[in-house]
Amino acid sequence: MEHIRLPKVENVKLLDKVSPRRRSRVGVLYLTATHSIFVESEVGGRNETWVLHSLVCSVEKQASTESGCPLIVRCKNFQVLHFSIPRDPDCHDVYLSLQRLSQPERYEELYCFSYQPNAEEDVRRQEWAFFDFKADYSRMGLPNAQWKLSPINQNYKVSNSYPSDLFVPESATPPVIVGSSKFRSRGRFPALSYYCKKNHAAICRSSQPLSGFSARCLEDEQMLEAILRSNPRSDFMYVVDTRPKLNAIANRAAGKGYENEDNYSNIKFQFMSIENIHVMRNSQQKMLEVCELRSPSMSDFLEGLESSGWLRHIKAIVDAGVFIAKAVAEEGVSVLVHCSDGWDRTAQVCSVACVLLDPFYRTLKGLMVLIEKDWVSFGHKFSYRCNHLIGDPKEASPIVDQFLECVWQLMEQLPCAFQYNERFLIAIHSHIYSCQYGNFIGNSQRERTELRVQERTHSLWSYLWTNRADFTNPLYRPDHSQTQGLLRPSTSPYCFKFWKGLYNRFDHGMHPRQSVVDYLKAIQEETQQLEDQLASHKQKISQLEQEQKWGVTWAPAAFDRSPTIWALSTDLALVNTPQDYTGGFITSSPHTPKAPDHNLISPPQDSNKTGDSIFSNGSDQESGIADLSCRSPLSEDSTKDPDSDEAVYSTA
Amino acid sequence: MEFAELIKTPRVDGVVLHRPFMPTVEGTLCLTGHHLILSSRQDNTEELWLLHSNIDSIEKRFVGSLGSIIVKCKDLRVIQLDIPGMEECLNIASSVEALSTLDSISLMYPFFYRPMFEVKEDGWNSFLPQDTFKDLESMTDEWRLSDVNKDFNVCPSYPPLVAVPKHIDDDLLKKVATFRHGGRFPVLSYYHKKNGMVMMRAGQPLTGTNGRRCKEDEKLINATLRPGKRGYIIDTRAINVAQQAKARGGGFESEGNYPQWRRIHKAIERYNVLQESLIKLVEACNDQSHSMDRWLSKLEASSWQTHIKEILTTACLAAQCIDREGASVLVHGTEGTDSTLQVTSLAQIILDPGCRTIKGFQGLVEREWLQAGHPFQQRCAQSAYSNNKPRQEAPVFLLFLDCVMQILRQFPCSFEFNEAFLVLLFEHTYASQFGTFLGSSAAERTSLCLREKTVSLWSWVNRPQELERLTNPLYEANSLVIWPSVAPQSLLLWEGVFLRWNRSSKCLDEAYDEMVHIIEYNKELQTKVNSLRRQLAQLETEDPLLQTP
């Protein structure tokens with residue numbers, strides 16, 4: 001609380017960034033320990049906009065103008081809020097407070113340690129039991145004669161960024177593992193990521209070898225040999241270096257590098273040309289600038305998208321995933337994947353390959369397990385990459401965003417193959433950044449253990465699972481041919497699309513105004529009811545026939561309601577709002593706000609924590625600005641923008 | 001002329017057909033007057049029937065004595081035929097070339113096609129102007145049908161009957177026609193029932209450099225305004241293009257002479273710019289380089305999506321003027337046969353729920369494109385692969401369909417028809433067995449006796465089995481105006497046309513089938529539950545014990 005210089009500012013304006021000419025909303029801005037809350041002061045419905053401090057990516061204060069002092073808040077979930085605060089000193093106070101609040105210095109300040117939904121302690125503990133590391137491996141058929149669970153990293157002694165439990169080839173002895181780990185960056189020796197029960201091919205992952213220009217390591221060579229031999233039907237294995245060749249060569253000068261095919265028996269070496277975290281960070285930054293453009297032309301958008309390079313990177317990751325998946329499923333060949341440290345590109349590529357290979361990872365539970373396995377436990381540095389704490393901005397990078405986008409791109413091509421829908425990916429994305437749950441706190445399993453995350457925080461997976469109805473794809477059927485076995489997506493450039501659902505998520509006007517997913521879900525729900533009715537009617541009829549036969553009285557029960565009539569869409573109001581087609585030619589006035597957005601980021605349940613109890617009672621608490629969508633005209637009774645006609649005529 | 005003269009080799013055995021995403025087929029190639037046919041000898045399941053008029057260009061390749069011809073079609077498909085024997089290959093190629101570039105319309109296939117189906121409802125009578133006018137009469141008495149153009153003398157590109165303001169007589173129309181490009185005097189395009197506002201379309205006014213004026217023209221369009229109300233003139237050309245038109249006798253309505261009207265200029269491209277755009281887009285889609293940067297830069301350079309955005313924005317603007325500003329609108333460009341029709345027809349899709357039904361959309365195409373004189377014959381003579389110098393080709397109608405597809409994607413439950421219907425229309429504008437899209441105006445169609453000699457596309461479409469295929473399972477009548485987003489993020493490449501032959505559609509088709517299945521199953525259950533409910537009610541009334549109070 002000591003960081004809040006100003007808990008409340010009145011007469012703050014919230015501007016519509018897409019159509020600045022539209023009437024802005026006026027309200028009160030409150031700063032609480034965890035959220036910024038903008039409460040629209042309009043008679044009638046009280047519209048609230050909640051922004052979690054931990055989701056704030058940057059705060060920008062611009063030079064004040066006559067109408068106020070602009071403050072732009074950019075969030076990690078790609079929401080952008082343009083405030084205008086009447087007095088410059090107030091704006092400065094808000095700016096400094098938000099700066100501090102959005103950049104915690106210690107893990108203890110993170111929201112997950114104060115987030116207290118009404119849940120019993122044993123319920124909370126059960127949330128964490130939802131994920132079981134060994135269960136996924138036993139699903140793969142492990143341990144078996146070729147692969148064993150190794151206790152070697154029990155106390156994170158061999159590699160402090162690796163999980164404590166790891167699967168290694170049966171023939172890999174502790175000296176071989178330790179020797180190999182000494183020859184690999186950060187001690188990240190080759191360990192199992194995925195095992196294909198059907199043909200014994202495996203995906204292993206590691207960091208780069210410390211080969212320099214000529215160094216060798218017998219144990220490392222034995223380690224790879226052991227991996228090769230654990231797949232008896234194959235006489236070679238692939239070593240996939242996900243980096244561009246030049247980067248790998250450059251690493252040799254620093255005593256690192258890549259495997260020399262001559263030193264390892266029967267390996268085929270392959271580069272994948274995925275760029276490093278710095279390139280990815282800049283690329284996303286450029287793409288987000290394009291997303292933020294005010295009424296861009298088609299050329300602005302396409303040129304910007306191209307020059308950001310974002311889709312090229314996404315394609316590179318999917319290409320690499322396809323290569324590995326095909327090697328495993330079609331050739332039956334094991335693959336060792338690494339990059340430099342083996343926690344960014346390696347995680348991306350291994351998990352994309354897993355999604356392609358195994359239908360399980362295309363289910364709700366499966367994707368959670370996959371993220372837990374290849375990202376959380378293998379030490380993707382979430383807190384660094386997502387800037388959970390104030391730290392080196394050069395460590396931040398949207399690596400996990402890219403993974404989620406790769407899955408989305410696959411979903412677009414294979415609409416029946418996934419049990420989850422786009423909302424699931426977006427919900428996971430939000431919570432990786434929100435710090436509301438403990439799952440992604442810290443940079444390794446060791447850090448999370450030290451932080452006692454499982455004892456002090458809640459788990460996202462259980463929240464998602466409880467709400468799984470929202471996240472399921474109505475077109476999915478487990479027995480559908482499309483979801484069987486290996487997915488074979490096309491990786492032609494035109495198969496990759498811009499993901500406006502994520503990057504322009506809060507620009508509601510850009511999205512389809514009617515949702516096929518919602519429509520089909522409503523139908524499926526109705527179908528469920530109909531099935532129940534059918535059964536109960538049948539039962540009643542036979543009962544009635546019986547009774548008539550026996551002449552027994554029967555009191556009629558109330559009839560079931562006729563099938564619920566599902567509305568066309570809850571967004572019909574939206575359907576009825578034109579956008580700004582004129583570039584300011586014709587403007588009319590704003591419109592009544594729409595119903596609240598999905599409550600992805602739940603506001604605090606405990607009123608004491610929010611600093612102001614009135615908020616916890618609000619029915620439409622939300623993280624998004626609901627009515628940004630209605631950036632345009634107009635209900636019939638709306639008042640006209642006084643200068644709208646003038647604008648038209650003067651330009652004519 | 002006998003087609004046989006053009007067919008040097010009518011039949012070749014052992015021809016191998018390569019099609020994208022399909023297994024190769026070996027069989028016998030036959031040339032007829034209108035078709036290229038390949039039938040496999042093993043069984044008759046694998047057959048290719050290709051209309052010569054669908055062929056945009058062909059290329060020959062030789063490897064030893066094996067010749068190949070690569071056939072590029074107007075529907076953007078590319079197929080390859082391996083033909084044993086150099087001479088056969090050359091003969092086939094030159095025959096196909098000759099047959100696919102016949103100049104005379106009356107030699108086209110629709111004049112020879114005899115329907116293999118029973119015509120229940122003759123499409124030629126489905127959308128008669130008299131009938132359409134009856135709907136208008138039920139809403140307003142301010143308009144009348146004029147037959148001033150019954151002999152096509154006043155305006156050669158207009159139909160015999162047009163709707164004009166009631167108090168404007170035919171003599172005045174004739175005078176106005178001399179002041180508008182191509183004689184296209186302002187006529188009614190759409191009446192907005194909700195507020196009585198109208199949309200009209202016309203050719204450009206022939207003001208010329210000295211600012212010629214036509215009082216009758218002013219009187220005509222002012223007659224459509226309510227007292228004290230203003231209207232909007234949407235000129236589909238940029239202001240500088242409209243200025244330049246003056247030098248060639250054209251121009252635009254000046255503020256001085258049309259004080260009750262406000263003019264808005266929008267820049268919709270025309271003619272060869274659009275044709276070039278299509279050629280570049282298709283080239284980009286066929287690029288095999290697998291480079292993302294190249295794809296995006298080629299997509300951008302084609303400007304296709306820019307045209308989509310511009311056309312859609314202008315249509316939205318027109319609709320906004322009518323529905324939100326409560327103003328009447330006059331739309332024109334230069335001739336009033338291309339961009340004008342894109343705008344007026346799309347505005348109707350936005351405003352009028354009726355146009356979003358299958359029948360309503362056919363009526364819209366009939367009214368706003370065929371009757372309104374869009375020169376289909378010229379615009380669709382060649383497609384994206386033609387090597388010939390483009391004359392008057394332009395994918396104006398395809399752009400319109402693409403814009404409809406954009407709106408359909410944003411309002412997936414508000415259209416009675418699905419994507420397949422739009423793709424079908426695209427195909428039939430370029431090559432068809434039906435006479436609907438032949439000719440360039442009502443006058444031409446009359447002189448060709450299409451109504452008597454050919455079958456209408458609508459006769460075929462409006463049969464239950466076709467309608468079922470073209471119906472959107474998600475459709476729920478939506479009586480509202482639908483406002484699409486025109487943000488670049490919201491406008492997507494129409495994969496169903498441009499990537500149709502470049503990627504397998506299997507997975508997307510399966511998803512569509514799954515969707516249909518979910519909805520069909522629901523309907524089935526509803527029927528079952530209702531019948532059980534009736535049975536139950538009956539049983540209860542029959543129950544003597546329940547009868548007693």
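A residue is taken as buried when its relative accessible area is under 20%, as exposed when that area is over 50%, and as partly exposed in between, with a 1.4 Å probe and protein chains only. The structure is a predicted model, in which local features need pLDDT of at least 70 and side-chain atom pairs count only at pLDDT 80 or more, whereas totals for chains, interfaces and linings use all residues. Residues are numbered from 1 along each chain as its sequence is written, chains are lettered from A and ligands numbered from 1 in the order in which they are written, and side-chain values use heavy atoms, with hydrogens and water left out.

An unreviewed UniProt entry lists N276(A), I277(A), C339(A), S340(A), D341(A), G342(A), W343(A), D344(A) and R345(A) under "binding site"; such annotations may be inferred rather than shown by experiment. These residues span 70 positions in sequence, yet no two of their C-alpha atoms are more than 12.1 Å apart, so they gather at one spot. W343(A) is placed in the loop between β14 (335-338) and α10 (345-357) of chain A, helices (H or I, at least four residues) and strands (E, at least two) being DSSP runs numbered from the N terminus. With a relative accessibility of 5%, W343(A) counts as buried. Its contacts (heavy atoms within 4.5 Å), neighbours within four places in sequence left aside, include R186(A), R188(A), F378(A) and H380(A). R345(A), which is found in helix α10 of chain A, is likewise buried, at 8% relative accessible area. Residues touched by R345(A), not counting those up to four places away in sequence, include T242(A), N247(A), N276(A) and C339(A).

Aromatic pairs were defined for rings of Phe, Tyr and Trp (its six-membered ring) whose centres lie within 6.5 Å, with planes under 30 degrees apart counted as stacked, over 60 as edge-to-face and the rest as tilted. By this rule, the count comes to 50 pairs over all chains. Y238(A) and F323(A) form an edge-to-face pair, at 5.1 Å centre to centre and 70 degrees between the planes. Y238(A) lies in strand β12 (residues 237-241) and F323(A) in helix α9 (residues 310-331) of chain A, so the pair ties together parts that are 85 residues apart in sequence. Y238(A) is buried at 9% relative accessibility, whereas F323(A) is partly exposed, with a relative accessible area of 23%. W310(A) and Y503(A) also form an edge-to-face pair, with 6.0 Å between centres and 85 degrees between the planes.
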